[in-house]
Amino acid sequence: MKTTQNTHFIDKVVDALKKTSIELEEIQVKAALGKAEAQDKYEELKKKFNLYIHDNELRVKKGKEKADEIHAKFDELRVQLALGKAETTEKFNEQKKQLLQSLHDLEVKIKTNEKFKRMYAIALIEIEQFKIGLEILEEKLNLGNSDTKVSFEKGKKQFKQFVDDFKSKYTKKEETKWEHFQGEISEAFTHLKQAFVKKA
């Protein structure tokens, strides 16, 4: 029974990882179109992530144990996501800084609560996708640079290989060590980030 649950969960994680790669490519394409499109994509990204946070907050509330500290962090993050449109690069940078701090605080609360470690595995994918999306848009808004396609195809191929290896590895395991699992997800996003975000 536990192996079946783990297999279903791993399939869910793998699907989320594949979806992330596609969505980040879409963000990259929008950012390449120009600053106005990048600003619009930023607002769309905030709304989508706000919806994800809202849905997860409802799931946490429905759980047997209420985690007031985590609810407070969800609320803080939702306030940041609901801030007005970032009309200037300075406003974008200010909002990004506040969002990243709120995300960090939420991640710490989830990671340090044993009851939420499994939830964190999926949340980590959404959080990392959001962070990389912010960096892609920041690069366009701050530098006007859209030539990130060069390394993307190689990074995308490496990420696909990681996802395949990951699925194979965790589908075979009877018991998943969540600490290692989270570390591997973080490593995968480091590679994906390098494929999308070109540092000057």
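**Confidence, core and aromatic pairs of the predicted model**

In the protein chain of this predicted model, confidence is highest in α4, at a mean pLDDT of 85, and lowest in α6, at 70. The chain as a whole has a mean pLDDT of 75. Of its residues, 73% reach 70 or more. Where pLDDT is low, the predicted coordinates should not be read in detail.

The largest nonpolar core has 45 residues. Leu17 and Phe49 have the most contacts inside this core. Seven helices each supply at least two of its residues: α1 (2-33), α2 (35-62), α3 (68-81), α4 (89-111), α5 (117-143), α6 (149-172) and α7 (178-196). The top contributor is α5, with twelve residues.

Helix α3 has 14 residues. From first C-alpha to last, α3 reaches 20 Å, close to the 20 Å expected at 1.5 Å a residue. Its buried residues are Ile70, His71, Lys73, Phe74, Leu77, Gln80 and Leu81. Two of these, Leu77 and Leu81, touch Phe49. Phe49 also touches Leu103, Glu126, Ile127 and Phe130, when residues up to four places away in sequence are not counted.

The structure holds three aromatic pairs. In one of them, the ring centres of Tyr42 and Phe92 lie 4.7 Å apart. Their planes meet at 75°, so the pair is edge-to-face. Tyr42 belongs to helix α2 and Phe92 to helix α4, 50 residues apart, and the pair links these distant parts of the chain. Both Tyr42 and Phe92 are buried.

Phe49 and Phe130 form another pair, with ring centres 4.3 Å apart. Their planes are at 10°, so this pair is stacked. Because Phe49 lies in helix α2 and Phe130 in helix α5, the pair ties together parts 81 residues apart in sequence. Phe49 has a relative accessible area of 4%, so it counts as buried. Phe130 is buried too, at 2%. Ring pairs join Phe49 and Phe130 with Tyr52 in a cluster.

Gln129 is found in helix α5. With a relative accessible area of 5%, Gln129 is buried. Its contacts are Thr20, Glu23, Leu24, Lys48 and Phe189, leaving aside residues up to four places away in sequence.

Lys111 is found in helix α4. Its relative accessibility is 40%, so Lys111 counts as partly exposed. The C-alpha atoms of Lys111 and Leu124 are separated by 9.8 Å. Along the chain, these two residues are 13 residues apart.

How values were computed
Residues numbered from 1 in each chain as written. Predicted model: local features only at pLDDT ≥ 70, side-chain atom pairs only at ≥ 80, totals over all residues. Heavy atoms only, no water. Core = buried A, V, L, I, M, F, W, Y, C linked by side-chain atoms within 4.5 Å. Buried < 20%, exposed > 50% of the residue type's maximum accessible area, 1.4 Å probe, protein only. Helix = DSSP H or I, 4+ residues; strand = E, 2+ residues; numbered from the N terminus. Contact = heavy atoms within 4.5 Å. pLDDT = per-residue confidence, 0-100. Expected span 1.5 Å × (residues − 1). Phe/Tyr/Trp six-rings, centres within 6.5 Å; stacked < 30°, edge-to-face > 60°.
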